[in-house]
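These are my notebook entries on a structure I looked through. I record what I looked up, and the terms as I used them.

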Amino acid sequence: MDKFKINGGCTLKGEVTISGAKNAALPILFGSLLCDEEIRLSNVPHLKDVTTTLKLLELLGASVKQNGSVTVLAGAVNNHVAPYELVKTMRASILALGPLVARFGKADVSLPGGCAIGARPVNLHIHGLELMGATVVVEDGYIKARVDGRLKGAHILMDMVSVTGTENLMMAAVLADGQTIIDNAAREPEVVDLAHFLNALGAKISGIGSDRLVIDGVEKLHGGSYRVQPDRIETGTFLVGAAISGGCIVCRQTDPSLLEAVLVKLEEAGALIEKGADWIKLDMTGRTLKPVNITTAPYPAFPTDMQAQFTVLNAVAKGTGMVTETIFENRFMHVPELNRMGASIELQGNLAICRDTEQLSGAQVMATDLRASASLVLAGFVAQGVTVVDRIYHIDRGYEHIEEKLRGLGGEITRVKGE
Ligand SMILES: CC(=O)N[C@H]1[C@@H](OP(=O)(O)OP(=O)(O)OC[C@H]2O[C@@H](n3ccc(=O)[nH]c3=O)[C@H](O)[C@@H]2O)O[C@H](CO)[C@@H](O)[C@@H]1O
Ligand SMILES: C=C(OP(=O)(O)O)C(=O)O
(Lines give C-alpha, C1' and ligand atoms only; values in the text may rest on other atoms or scores of the structure.)
(Ligands and ions follow the chains in the order given, each with its own letter.)
Protein backbone atom coordinates (compact mmCIF):
# COMPACT_ATOMS: atom_id res chain seq x y z
CA MET A 1 0.00 0.00 0.00
CA ASP A 2 1.32 3.47 -0.92
CA LYS A 3 2.25 5.98 1.77
CA PHE A 4 3.00 9.70 1.85
CA LYS A 5 6.17 10.95 3.49
CA ILE A 6 5.93 14.60 4.47
CA ASN A 7 8.68 16.88 5.77
CA GLY A 8 7.13 19.30 8.25
CA GLY A 9 7.69 23.01 8.54
CA CYS A 10 6.51 23.94 5.02
CA THR A 11 4.70 27.15 4.18
CA LEU A 12 2.29 26.68 1.26
CA LYS A 13 2.73 29.47 -1.31
CA GLY A 14 1.84 29.96 -4.97
CA GLU A 15 -0.99 29.04 -7.33
CA VAL A 16 -2.94 25.81 -7.71
CA THR A 17 -5.49 24.80 -10.34
CA ILE A 18 -8.61 23.21 -8.93
CA SER A 19 -9.97 20.06 -10.55
CA GLY A 20 -13.53 19.12 -11.42
CA ALA A 21 -15.64 18.04 -8.44
CA LYS A 22 -15.60 14.32 -7.63
CA ASN A 23 -19.06 14.46 -6.07
CA ALA A 24 -20.51 16.19 -9.14
CA ALA A 25 -18.64 14.13 -11.76
CA LEU A 26 -19.77 10.79 -10.30
CA PRO A 27 -23.55 11.42 -10.35
CA ILE A 28 -23.23 13.04 -13.79
CA LEU A 29 -21.41 9.96 -15.13
CA PHE A 30 -24.14 7.72 -13.70
CA GLY A 31 -26.74 10.12 -15.14
CA SER A 32 -25.39 9.32 -18.61
CA LEU A 33 -27.04 5.89 -18.21
CA LEU A 34 -30.39 7.64 -18.69
CA CYS A 35 -29.68 8.43 -22.32
CA ASP A 36 -28.93 6.34 -25.42
CA GLU A 37 -27.09 9.10 -27.29
CA GLU A 38 -23.50 10.33 -26.90
CA ILE A 39 -22.58 12.52 -23.92
CA ARG A 40 -19.33 14.49 -23.74
CA LEU A 41 -18.11 15.60 -20.33
CA SER A 42 -15.25 17.98 -19.62
CA ASN A 43 -13.45 18.82 -16.35
CA VAL A 44 -13.87 15.23 -15.13
CA PRO A 45 -11.09 14.69 -12.55
CA HIS A 46 -8.63 11.78 -12.81
CA LEU A 47 -9.50 9.92 -9.64
CA LYS A 48 -9.80 6.35 -8.44
CA ASP A 49 -13.58 6.81 -7.99
CA VAL A 50 -13.94 8.06 -11.57
CA THR A 51 -11.99 5.05 -12.88
CA THR A 52 -14.26 2.75 -10.86
CA THR A 53 -17.36 4.48 -12.24
CA LEU A 54 -16.15 4.21 -15.84
CA LYS A 55 -15.41 0.51 -15.30
CA LEU A 56 -18.90 0.04 -13.94
CA LEU A 57 -20.47 1.88 -16.89
CA GLU A 58 -18.50 -0.35 -19.29
CA LEU A 59 -19.52 -3.46 -17.43
CA LEU A 60 -23.15 -2.40 -17.83
CA GLY A 61 -22.57 -2.18 -21.61
CA ALA A 62 -21.77 1.51 -22.13
CA SER A 63 -18.87 2.55 -24.31
CA VAL A 64 -16.47 5.02 -22.74
CA LYS A 65 -13.72 7.09 -24.38
CA GLN A 66 -11.20 9.28 -22.60
CA ASN A 67 -9.13 11.85 -24.45
CA GLY A 68 -9.03 14.96 -22.30
CA SER A 69 -12.80 14.84 -21.97
CA VAL A 70 -14.87 11.74 -21.24
CA THR A 71 -17.38 10.49 -23.80
CA VAL A 72 -20.06 8.04 -22.72
CA LEU A 73 -22.43 6.26 -25.06
CA ALA A 74 -24.93 4.20 -23.09
CA GLY A 75 -27.03 3.17 -26.10
CA ALA A 76 -25.96 -0.48 -25.90
CA VAL A 77 -26.38 -0.98 -22.15
CA ASN A 78 -27.69 -4.52 -21.73
CA ASN A 79 -26.74 -5.43 -18.17
CA HIS A 80 -28.52 -4.15 -15.06
CA VAL A 81 -26.24 -5.61 -12.36
CA ALA A 82 -23.74 -3.41 -10.47
CA PRO A 83 -21.62 -6.08 -8.75
CA TYR A 84 -20.15 -6.06 -5.25
CA GLU A 85 -16.52 -6.20 -6.50
CA LEU A 86 -16.80 -2.70 -7.99
CA VAL A 87 -19.46 -1.20 -5.75
CA LYS A 88 -17.72 -2.08 -2.48
CA THR A 89 -14.95 0.46 -3.06
CA MET A 90 -17.21 3.39 -3.78
CA ARG A 91 -20.24 4.81 -2.08
CA ALA A 92 -21.43 6.66 -5.18
CA SER A 93 -22.14 3.37 -6.99
CA ILE A 94 -25.60 3.51 -5.44
CA LEU A 95 -26.25 6.14 -8.12
CA ALA A 96 -26.56 3.37 -10.73
CA LEU A 97 -29.88 2.42 -9.12
CA GLY A 98 -32.14 5.32 -10.15
CA PRO A 99 -31.00 5.59 -13.78
CA LEU A 100 -31.08 1.81 -14.44
CA VAL A 101 -34.56 1.28 -13.04
CA ALA A 102 -35.87 4.40 -14.79
CA ARG A 103 -34.52 3.43 -18.22
CA PHE A 104 -34.70 -0.39 -18.15
CA GLY A 105 -37.24 -1.17 -15.42
CA LYS A 106 -34.71 -3.28 -13.54
CA ALA A 107 -31.58 -2.78 -11.45
CA ASP A 108 -29.57 -5.00 -9.12
CA VAL A 109 -27.08 -2.85 -7.25
CA SER A 110 -24.86 -4.19 -4.51
CA LEU A 111 -25.20 -2.35 -1.22
CA PRO A 112 -22.48 0.30 -1.43
CA GLY A 113 -19.19 0.74 0.41
CA GLY A 114 -17.32 4.04 0.53
CA CYS A 115 -15.91 5.83 3.54
CA ALA A 116 -16.50 4.14 6.88
CA ILE A 117 -17.80 7.35 8.41
CA GLY A 118 -21.13 6.00 9.60
CA ALA A 119 -23.81 3.41 8.92
CA ARG A 120 -24.95 5.25 5.78
CA PRO A 121 -28.24 3.42 5.11
CA VAL A 122 -30.00 3.79 1.75
CA ASN A 123 -33.59 3.54 3.00
CA LEU A 124 -34.52 6.93 1.52
CA HIS A 125 -33.36 5.89 -1.95
CA ILE A 126 -35.42 2.70 -1.72
CA HIS A 127 -38.52 4.35 -0.26
CA GLY A 128 -38.53 7.03 -2.96
CA LEU A 129 -38.35 4.43 -5.74
CA GLU A 130 -41.19 2.50 -4.11
CA LEU A 131 -43.32 5.66 -4.08
CA MET A 132 -42.62 5.89 -7.82
CA GLY A 133 -44.05 2.41 -8.33
CA ALA A 134 -40.94 0.19 -8.15
CA THR A 135 -40.85 -3.05 -6.22
CA VAL A 136 -37.65 -3.17 -4.22
CA VAL A 137 -36.18 -6.03 -2.24
CA VAL A 138 -32.82 -6.30 -0.53
CA GLU A 139 -31.43 -9.81 -0.78
CA ASP A 140 -27.96 -11.40 -0.94
CA GLY A 141 -26.41 -7.98 -0.34
CA TYR A 142 -28.12 -6.49 -3.40
CA ILE A 143 -30.86 -3.90 -3.82
CA LYS A 144 -33.13 -5.34 -6.50
CA ALA A 145 -35.60 -2.88 -8.01
CA ARG A 146 -38.19 -3.69 -10.67
CA VAL A 147 -40.97 -1.80 -12.43
CA ASP A 148 -43.29 -2.82 -15.22
CA GLY A 149 -43.06 -0.06 -17.83
CA ARG A 150 -42.18 3.45 -16.64
CA LEU A 151 -41.83 4.70 -13.09
CA LYS A 152 -44.67 7.01 -12.09
CA GLY A 153 -44.38 10.57 -10.85
CA ALA A 154 -44.86 10.84 -7.07
CA HIS A 155 -44.67 13.25 -4.17
CA ILE A 156 -41.59 12.35 -2.14
CA LEU A 157 -40.92 13.99 1.20
CA MET A 158 -37.39 13.09 2.27
CA ASP A 159 -37.18 12.29 6.01
CA MET A 160 -33.61 13.58 6.06
CA VAL A 161 -31.58 15.68 3.69
CA SER A 162 -29.63 13.17 1.59
CA VAL A 163 -27.30 14.20 -1.23
CA THR A 164 -27.09 10.94 -3.18
CA GLY A 165 -30.69 10.12 -2.15
CA THR A 166 -31.90 13.32 -3.84
CA GLU A 167 -29.65 12.65 -6.85
CA ASN A 168 -30.87 9.08 -7.32
CA LEU A 169 -34.54 10.01 -7.09
CA MET A 170 -34.13 13.08 -9.30
CA MET A 171 -32.50 10.90 -12.00
CA ALA A 172 -35.26 8.29 -11.68
CA ALA A 173 -37.95 10.97 -11.92
CA VAL A 174 -36.53 12.45 -15.12
CA LEU A 175 -37.83 9.50 -17.18
CA ALA A 176 -40.94 8.80 -15.06
CA ASP A 177 -44.48 9.15 -16.31
CA GLY A 178 -45.84 12.40 -14.85
CA GLN A 179 -44.63 14.91 -12.30
CA THR A 180 -42.44 14.15 -9.29
CA ILE A 181 -41.97 16.56 -6.40
CA ILE A 182 -39.05 15.99 -4.04
CA ASP A 183 -39.47 17.94 -0.82
CA ASN A 184 -36.66 18.45 1.71
CA ALA A 185 -34.29 17.88 -1.20
CA ALA A 186 -30.56 18.38 -0.74
CA ARG A 187 -29.37 21.75 -2.05
CA GLU A 188 -25.67 20.89 -2.31
CA PRO A 189 -23.91 22.41 -5.36
CA GLU A 190 -23.27 18.90 -6.68
CA VAL A 191 -27.05 18.23 -6.78
CA VAL A 192 -27.46 21.53 -8.64
CA ASP A 193 -24.74 20.57 -11.14
CA LEU A 194 -26.41 17.22 -11.81
CA ALA A 195 -29.79 18.93 -12.35
CA HIS A 196 -28.28 21.39 -14.85
CA PHE A 197 -26.60 18.49 -16.66
CA LEU A 198 -29.88 16.58 -16.91
CA ASN A 199 -31.72 19.67 -18.15
CA ALA A 200 -28.99 20.12 -20.80
CA LEU A 201 -30.05 16.66 -22.08
CA GLY A 202 -33.72 17.62 -22.21
CA ALA A 203 -34.92 16.85 -18.68
CA LYS A 204 -37.48 19.17 -17.11
CA ILE A 205 -36.32 19.93 -13.60
CA SER A 206 -37.27 23.14 -11.83
CA GLY A 207 -36.68 24.46 -8.33
CA ILE A 208 -32.97 23.73 -8.83
CA GLY A 209 -30.99 24.81 -5.77
CA SER A 210 -34.09 24.87 -3.54
CA ASP A 211 -35.38 22.18 -1.18
CA ARG A 212 -38.36 21.48 -3.50
CA LEU A 213 -37.46 19.93 -6.83
CA VAL A 214 -40.22 19.60 -9.40
CA ILE A 215 -39.49 17.14 -12.17
CA ASP A 216 -41.77 16.69 -15.16
CA GLY A 217 -40.92 13.29 -16.60
CA VAL A 218 -39.97 13.02 -20.29
CA GLU A 219 -39.92 9.91 -22.48
CA LYS A 220 -36.35 10.30 -23.65
CA LEU A 221 -33.20 12.37 -23.14
CA HIS A 222 -30.91 13.46 -25.94
CA GLY A 223 -27.10 13.59 -26.07
CA GLY A 224 -25.02 16.68 -25.30
CA SER A 225 -21.95 18.20 -23.69
CA TYR A 226 -21.42 19.41 -20.14
CA ARG A 227 -18.59 20.83 -18.02
CA VAL A 228 -18.37 19.54 -14.43
CA GLN A 229 -18.19 22.25 -11.76
CA PRO A 230 -15.00 22.89 -9.73
CA ASP A 231 -14.35 20.90 -6.57
CA ARG A 232 -15.30 23.07 -3.58
CA ILE A 233 -13.85 20.55 -1.11
CA GLU A 234 -10.49 20.34 -2.86
CA THR A 235 -10.45 24.15 -2.93
CA GLY A 236 -11.23 24.34 0.79
CA THR A 237 -8.56 21.76 1.61
CA PHE A 238 -5.79 23.79 -0.10
CA LEU A 239 -7.04 27.00 1.54
CA VAL A 240 -6.84 25.40 5.00
CA GLY A 241 -3.32 24.18 4.15
CA ALA A 242 -2.24 27.77 3.42
CA ALA A 243 -4.02 29.12 6.51
CA ILE A 244 -2.41 26.74 8.99
CA SER A 245 1.08 27.05 7.47
CA GLY A 246 1.07 30.87 7.44
CA GLY A 247 1.16 30.81 3.64
CA CYS A 248 -0.39 32.65 0.72
CA ILE A 249 -2.05 30.81 -2.17
CA VAL A 250 -4.35 31.45 -5.09
CA CYS A 251 -6.79 28.72 -6.15
CA ARG A 252 -7.59 29.03 -9.88
CA GLN A 253 -10.51 27.62 -11.89
CA THR A 254 -12.69 27.40 -8.81
CA ASP A 255 -15.99 29.00 -7.82
CA PRO A 256 -16.02 31.04 -4.58
CA SER A 257 -19.83 31.07 -4.51
CA LEU A 258 -19.82 27.31 -3.77
CA LEU A 259 -17.94 27.60 -0.48
CA GLU A 260 -19.21 30.65 1.34
CA ALA A 261 -19.56 28.90 4.73
CA VAL A 262 -15.93 27.78 4.50
CA LEU A 263 -14.62 31.21 3.47
CA VAL A 264 -16.50 32.89 6.35
CA LYS A 265 -14.80 30.52 8.83
CA LEU A 266 -11.36 31.06 7.26
CA GLU A 267 -11.79 34.83 7.66
CA GLU A 268 -12.90 34.28 11.25
CA ALA A 269 -9.71 32.24 11.71
CA GLY A 270 -7.72 35.33 10.74
CA ALA A 271 -7.07 34.78 7.02
CA LEU A 272 -7.23 37.57 4.46
CA ILE A 273 -9.42 36.41 1.59
CA GLU A 274 -9.82 37.99 -1.84
CA LYS A 275 -11.87 36.48 -4.63
CA GLY A 276 -12.89 36.91 -8.24
CA ALA A 277 -15.32 35.04 -10.47
CA ASP A 278 -13.13 31.92 -10.68
CA TRP A 279 -10.33 32.41 -8.15
CA ILE A 280 -9.75 32.72 -4.41
CA LYS A 281 -6.64 34.13 -2.75
CA LEU A 282 -5.88 33.38 0.89
CA ASP A 283 -3.10 35.26 2.64
CA MET A 284 -2.02 34.34 6.15
CA THR A 285 1.43 35.93 6.04
CA GLY A 286 2.28 37.43 9.43
CA ARG A 287 -1.24 36.86 10.78
CA THR A 288 -2.28 34.92 13.89
CA LEU A 289 -4.38 31.78 13.41
CA LYS A 290 -7.48 31.83 15.64
CA PRO A 291 -9.69 28.82 16.48
CA VAL A 292 -13.23 28.73 15.10
CA ASN A 293 -16.36 26.90 16.19
CA ILE A 294 -17.97 24.90 13.41
CA THR A 295 -21.09 22.75 13.16
CA THR A 296 -21.54 20.60 10.08
CA ALA A 297 -24.99 20.62 8.44
CA PRO A 298 -26.52 20.33 4.95
CA TYR A 299 -25.72 23.06 2.40
CA PRO A 300 -25.57 26.05 2.61
CA ALA A 301 -24.20 25.42 6.12
CA PHE A 302 -20.69 24.16 6.87
CA PRO A 303 -19.90 20.95 4.90
CA THR A 304 -19.03 17.73 6.73
CA ASP A 305 -16.44 17.08 4.00
CA MET A 306 -14.40 20.04 5.39
CA GLN A 307 -14.72 19.05 9.05
CA ALA A 308 -11.48 17.06 9.35
CA GLN A 309 -9.42 19.85 7.75
CA PHE A 310 -10.88 22.43 10.19
CA THR A 311 -10.21 20.08 13.11
CA VAL A 312 -6.50 20.38 12.22
CA LEU A 313 -6.85 24.14 11.91
CA ASN A 314 -8.31 24.30 15.43
CA ALA A 315 -5.67 21.92 16.76
CA VAL A 316 -2.87 24.28 15.76
CA ALA A 317 -4.62 27.64 16.40
CA LYS A 318 -4.08 29.58 19.64
CA GLY A 319 -7.07 28.87 21.92
CA THR A 320 -9.94 26.39 21.97
CA GLY A 321 -12.21 25.59 19.03
CA MET A 322 -15.30 23.38 19.04
CA VAL A 323 -16.16 21.10 16.13
CA THR A 324 -19.63 19.55 16.08
CA GLU A 325 -20.37 16.83 13.51
CA THR A 326 -24.10 16.41 12.88
CA ILE A 327 -24.14 14.47 9.59
CA PHE A 328 -22.16 11.26 10.18
CA GLU A 329 -21.88 9.38 13.48
CA ASN A 330 -18.31 8.15 12.95
CA ARG A 331 -16.45 11.00 11.34
CA PHE A 332 -13.77 11.75 13.93
CA MET A 333 -11.34 8.95 13.06
CA HIS A 334 -8.62 11.51 12.33
CA VAL A 335 -8.74 12.70 15.95
CA PRO A 336 -6.78 9.84 17.60
CA GLU A 337 -4.21 10.10 14.79
CA LEU A 338 -3.88 13.87 15.28
CA ASN A 339 -3.48 13.32 19.02
CA ARG A 340 -0.64 10.91 18.23
CA MET A 341 1.01 13.89 16.51
CA GLY A 342 0.70 15.88 19.73
CA ALA A 343 -2.69 17.56 19.22
CA SER A 344 -4.90 18.03 22.24
CA ILE A 345 -8.37 17.13 21.06
CA GLU A 346 -10.99 15.71 23.38
CA LEU A 347 -13.95 13.82 21.94
CA GLN A 348 -17.34 14.05 23.62
CA GLY A 349 -19.83 12.23 21.40
CA ASN A 350 -20.26 14.30 18.25
CA LEU A 351 -18.22 17.19 19.67
CA ALA A 352 -14.45 17.59 19.34
CA ILE A 353 -12.92 20.12 21.73
CA CYS A 354 -9.64 21.24 20.17
CA ARG A 355 -7.26 22.90 22.63
CA ASP A 356 -4.11 24.58 21.41
CA THR A 357 -0.86 22.72 21.08
CA GLU A 358 2.62 24.26 21.19
CA GLN A 359 3.75 22.27 18.14
CA LEU A 360 2.59 19.12 16.33
CA SER A 361 5.31 16.56 15.83
CA GLY A 362 5.77 14.18 12.91
CA ALA A 363 4.55 10.62 13.44
CA GLN A 364 3.41 7.54 11.57
CA VAL A 365 -0.32 7.85 11.11
CA MET A 366 -3.06 5.89 9.41
CA ALA A 367 -5.51 7.38 6.90
CA THR A 368 -8.99 6.03 7.63
CA ASP A 369 -11.17 7.82 5.10
CA LEU A 370 -10.91 10.40 2.38
CA ARG A 371 -11.08 13.72 4.24
CA ALA A 372 -9.40 12.30 7.35
CA SER A 373 -6.46 11.45 5.08
CA ALA A 374 -6.37 15.00 3.74
CA SER A 375 -6.37 16.38 7.27
CA LEU A 376 -3.38 14.20 8.24
CA VAL A 377 -1.43 15.41 5.20
CA LEU A 378 -2.14 19.03 6.18
CA ALA A 379 -1.09 18.30 9.77
CA GLY A 380 2.16 16.81 8.42
CA PHE A 381 3.05 20.14 6.79
CA VAL A 382 2.88 22.07 10.07
CA ALA A 383 4.39 19.34 12.27
CA GLN A 384 8.03 19.29 13.28
CA GLY A 385 9.90 16.42 11.63
CA VAL A 386 8.67 13.68 9.31
CA THR A 387 5.11 12.39 9.06
CA VAL A 388 4.27 9.17 7.25
CA VAL A 389 0.62 8.79 6.24
CA ASP A 390 -0.28 5.17 5.55
CA ARG A 391 -3.21 3.81 3.47
CA ILE A 392 -3.42 6.78 1.14
CA TYR A 393 -5.60 4.87 -1.31
CA HIS A 394 -8.42 6.77 0.42
CA ILE A 395 -6.96 10.11 -0.70
CA ASP A 396 -6.54 8.83 -4.27
CA ARG A 397 -10.32 8.35 -4.39
CA GLY A 398 -10.91 12.07 -4.15
CA TYR A 399 -7.87 14.32 -4.78
CA GLU A 400 -6.44 14.59 -8.29
CA HIS A 401 -2.60 14.70 -8.44
CA ILE A 402 -2.50 15.77 -4.82
CA GLU A 403 1.22 15.39 -4.24
CA GLU A 404 2.13 17.20 -7.48
CA LYS A 405 -0.22 20.05 -6.57
CA LEU A 406 1.12 20.30 -3.02
CA ARG A 407 4.73 20.17 -4.25
CA GLY A 408 3.86 23.02 -6.64
CA LEU A 409 2.92 25.03 -3.54
CA GLY A 410 6.22 24.25 -1.82
CA GLY A 411 5.07 21.23 0.20
CA GLU A 412 7.70 18.54 0.73
CA ILE A 413 5.70 15.39 0.08
CA THR A 414 6.68 12.16 -1.64
CA ARG A 415 4.76 8.99 -2.42
CA VAL A 416 6.39 5.84 -1.16
CA LYS A 417 5.19 2.95 -3.31
CA GLY A 418 3.96 -0.10 -1.40
CA GLU A 419 4.21 -3.71 -2.51
C1 LIG B 1 -20.61 10.65 -3.35
C2 LIG B 1 -21.11 11.78 -2.53
O3 LIG B 1 -21.71 12.72 -3.05
N4 LIG B 1 -20.83 11.76 -1.23
C5 LIG B 1 -21.25 12.84 -0.37
C6 LIG B 1 -22.69 12.61 0.03
O7 LIG B 1 -22.76 11.35 0.67
P8 LIG B 1 -24.19 10.67 0.89
O9 LIG B 1 -25.09 11.07 -0.20
O10 LIG B 1 -23.93 9.24 1.14
O11 LIG B 1 -24.65 11.35 2.22
P12 LIG B 1 -26.16 11.69 2.61
O13 LIG B 1 -26.40 13.14 2.32
O14 LIG B 1 -27.06 10.71 1.97
O15 LIG B 1 -26.14 11.44 4.17
C16 LIG B 1 -26.63 12.37 5.11
C17 LIG B 1 -27.18 11.64 6.31
O18 LIG B 1 -28.39 10.98 5.93
C19 LIG B 1 -28.35 9.61 6.33
N20 LIG B 1 -29.11 8.83 5.35
C21 LIG B 1 -28.86 8.97 4.01
C22 LIG B 1 -29.56 8.23 3.08
C23 LIG B 1 -30.54 7.34 3.52
O24 LIG B 1 -31.20 6.64 2.74
N25 LIG B 1 -30.78 7.22 4.86
C26 LIG B 1 -30.09 7.95 5.79
O27 LIG B 1 -30.32 7.82 6.99
C28 LIG B 1 -26.85 9.28 6.33
O29 LIG B 1 -26.56 8.14 7.13
C30 LIG B 1 -26.26 10.56 6.88
O31 LIG B 1 -26.34 10.56 8.29
O32 LIG B 1 -23.11 13.64 0.92
C33 LIG B 1 -22.37 13.68 2.15
C34 LIG B 1 -22.98 14.77 3.01
O35 LIG B 1 -22.80 16.01 2.46
C36 LIG B 1 -20.88 13.91 1.86
O37 LIG B 1 -20.16 13.80 3.06
C38 LIG B 1 -20.34 12.91 0.86
O39 LIG B 1 -19.06 13.29 0.44
C1 LIG C 1 -17.37 10.94 2.12
C2 LIG C 1 -16.94 11.18 0.90
O3 LIG C 1 -17.04 10.35 -0.16
P4 LIG C 1 -18.03 9.08 -0.33
O5 LIG C 1 -19.40 9.59 -0.11
O6 LIG C 1 -17.78 8.68 -1.73
O7 LIG C 1 -17.61 8.07 0.69
C8 LIG C 1 -16.27 12.46 0.58
O9 LIG C 1 -16.20 12.82 -0.62
O10 LIG C 1 -15.79 13.12 1.53
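**Entry 1: the sheet**

I began with strands E18 and E19 (residues 321-324), which run parallel and are joined by 2 bridges. The model is a predicted one: local features need pLDDT of at least 70, side-chain atom pairs count only at pLDDT 80 or more, and totals for chains, interfaces and linings use all residues. Residues are numbered from 1 along each chain as its sequence is written, while chains are lettered from A and ligands numbered from 1 in the order in which they are written.

Helices (H or I, at least four residues) and strands (E, at least two) are DSSP runs numbered from the N terminus, and I took two strands as paired if DSSP finds at least two bridges between them. Within E19, I found Thr324 as the bridge partner of Thr295. I then traced the open sheet: 4 strands in the order E18-E19-E21-E20, with mixed pairing. Strand E18 (294-295) and strand E20 (344-348) are the edges; each has a single partner strand, so one side of each is left without a neighbour in the sheet.

I next noted helix H10 (residues 307-316), which lies across E18, E19, E20 and E21 and runs at about 165 degrees to E19. Axes are lines fitted to C-alpha atoms, for helices over the stretch in contact, and angles run from 0 to 180 degrees between N-to-C directions.

**Entry 2: Ala352**

I looked up Ala352, which lies in strand E21 (residues 351-355). Why does Ala352 count as buried? It has 27 C-beta neighbours inside 10 Å, and the cut-off for buried is 20 or more other C-beta atoms within 10 Å, with C-beta atoms placed from the backbone. Beyond residues up to four places away in sequence, Ala352 touches Thr311, Val323, Phe332, Val335, Ile345 and Leu347; contact requires such C-beta atoms to lie within 7 Å. The C-alpha atoms of Ala352 and Thr311 are separated by 7.9 Å, although these residues are 41 residues apart along the chain.

**Entry 3: the cores**

A nonpolar core is a set of buried Ala, Val, Leu, Ile, Met, Phe, Trp, Tyr and Cys residues joined through C-beta atoms within 7 Å. The largest has 70 residues, of which Ala96, Leu97, Val101, Met170, Ala172 and Val174 touch the most other members. H6 gives the largest share of this core, 7 residues. A second, separate core of 69 residues includes Ile18, Ile244, Leu259 and Met284.

Conventions. Buried ≥ 20, exposed ≤ 12 C-beta atoms within 10 Å, placed from the backbone. Contact = placed C-beta atoms within 7 Å.
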